[in-house]
Amino acid sequence: MKFVLSFALASLAAGVSIRSPSTNLYEGTKVYHVKTGRHLADVQKRLAVFSHNVWESASDHIDVAIPRHEVARFEALGLDTRVLHADLGASIAAESEVKSTWKRQEYNTSGDWFDSYHSYEDHIEYFKELQESFPENSNWTSSGTSYEGRDIYGIHMWGAGGPGKPAVLWHGTVHAREWIVAPTLEYITKQLIDGYKSGDNLTQTFLNSYDFYIFPIVNPDGFVYTQTTDRLWRKNRQPPPATAANQTCYGRDINRNWEHNWDANTRGASKNECSQVYRGERPRDAPENAAMDDFLRNLRDKQGIKLYVDWHSYSQLILCPFGHDEYLYAPQLGKWTNAASLMSQTIAANSSNATTYTFGPSGAVLYPTTGVGVDHVYAVGRAEWSYTIELPDTGAFGFVLPPERIRPAAEESWVGQRVLLNLLDEVFFDGQGPAISY
C-alpha cells in the first residue's frame, strides 16, 4: 500500500539486501491479471475455492496471487489471464536488493537513495536528515504512536512569515505492502526543501503560502512486518477482538477505520477480522487512525486544511470523495476533476514511461469504500481539496514494483504536485489563470 532491519547508520554497503522471509514464503507463487468483463461475481465465486491473495479488484478484472500448489488447478479453469509475476518470490528477492550506498549527513550528495528500497530505520534517518537540512523552516513532528509503540513521524515545513498558514497534509504507507509510497513522499519533500533553498520561485511560493505536514509511513508496524515476515501484508498489526472466533487474524485496515461513513455501505469494508479490508469493531479503534484523526482535527481548528492527499499504490488513479456512494458527488467535484485532469496531462507529457492517471470520485471510478481518509478529511476535517493518489503501476508489477521504477514514479509525482499546488487558490472556470495554462 514484505533480514536485517537495522543497518549501521554510518553506511549502507552496496549490494546489501533487505529481503524478507517472503522470498521463500512466495516461492513459486504466480500473480495473474484476470479479465472478468461482466462476470466478476462468477469469477470471484470460482476463486473462492482456492488459496489466493487479491491484489486488486475492479469492475472488469482481478489481480490475484495464486500459491504454487494451486497454480495447476487455477490454470485449469481456463480464465482469461495474463501473468504478472511468474515467480513472486524471485520478484521480491530482486526488489529487495539495496543497490545504493548512503551515509547519514550525505543525503544532498548521495543521489542514489531513490534507486533502492530501504529498511524502516533508514527511512527514519533519511527523513531526519531532510528536516535537519532545513532547520529554520521545519521541525520534526509526530501524530502519535502505533499499536506496537512506534512513532508515527513526520516533518512540518513552512516558508516566509513562519508557521500557521493553511495546511497541506500528506500521509502514506497506510497499507504496509505499498513500498513505493514512502520514497515518493521523501522525494517530494526533498524537492520542496531544495527548491526553496535554491530560490525556485514556484517552490518558494508553495512554502510561503502553506504549512506542509508530511507523514511518509503511518502504518509502521505493518511496514516492518513486510520486511521481516510477509511482504504482502496490508493492515496494521493489532490483535483481533477478544470476541473473534479466529484469534490468528491480526490487523485492521486503517483506511476503512475513519469515522465518517464508517458503516454506510455493506460493500465498502468487511466485518470479518480475517479480511484484508477489516474495518475494526468501531471507528478509530486502530490507534494509528485515532492518532492521525486527532492530529487533523487539531489542524482543522487551528489552521484549516487546504489540501489532503492520502498516498497509495497501485493503479495510477487520482480519486476524490465520495467512496461510500457511487452516485454522490461533492460540490467541489468540478474543480477537483479539472485539477486532476491537468495533473494527469502534465505527468503524461513529462513521463519517460508514458504514465497516465485516471481520475474521478472514488466510488464511481473504483469501487465502494467506507471509513476512508479521503472522505473523512473532506467532510470532518473540512479540507478544501481532498484526494487519494494511487501510484504506479497499473498491474504489470503491482505492489512489487522494481527498484528501477522508484525514481520515475517519484519524479512524475513531483511534476503532478507542482501542478496541483499551483491551483489551490485558483478561481476555476473563469477563463483565466493557471488552470488554463498547462
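Helices α6 (residues 181-198) and α7 (residues 201-209) cross at roughly 105 degrees, their axes coming within 8 Å. Axes here are lines fitted to C-alpha atoms over the stretch in contact, with angles running from 0 to 180 degrees between N-to-C directions. That makes α6 roughly perpendicular to α7 (65 to 115 degrees). From α6, the contact (heavy atoms within 4.5 Å) uses Q191, L192, G195 and Y196. From α7 come T203, Q204, F206, L207 and N208. By class, four of these residues are nonpolar, five are polar and none is charged.

This is a predicted model; local features need pLDDT of at least 70, side-chain atom pairs count only at pLDDT 80 or more, and totals for chains, interfaces and linings use all residues. Residues are numbered from 1 along each chain as its sequence is written, and side-chain values use heavy atoms, without hydrogens and water.

The largest nonpolar core has 64 residues. Such a core joins buried nonpolar residues (Ala, Val, Leu, Ile, Met, Phe, Trp, Tyr and Cys) through side-chain atoms within 4.5 Å. Those with the most contacts inside it are W170, L192, F212, L307 and Y387. Helix α6 gives the largest share, eight residues. Beyond its neighbours within four places in sequence, L192 touches M157, W170, T203, F206, L207, F212, I214 and W414. Apart from this core lies another, of 18 residues, including Y213 and F295.

Now to helix α2 (residues 40-47). Its buried residues (under 20% relative accessible area, 1.4 Å probe, protein chains only) are L40, V43 and L47. They fall within an arc of 65 degrees seen down the axis, so they line one face. They pack against β1, β2, β3 and α3. The face turned away carries A41 and K45, both exposed (over 50%).

How values were computed:
Helices (H or I, at least four residues) and strands (E, at least two) are DSSP runs, numbered from the N terminus. The arc is that of the directions from the helix axis to the C-beta atoms. Angles under 35 degrees count as roughly parallel, over 145 as roughly antiparallel, 65 to 115 as roughly perpendicular and the rest as oblique. Ala, Val, Leu, Ile, Met, Phe, Trp, Tyr, Cys and Pro count as nonpolar, Asp, Glu, Lys and Arg as charged, and the others, Gly among them, as polar.
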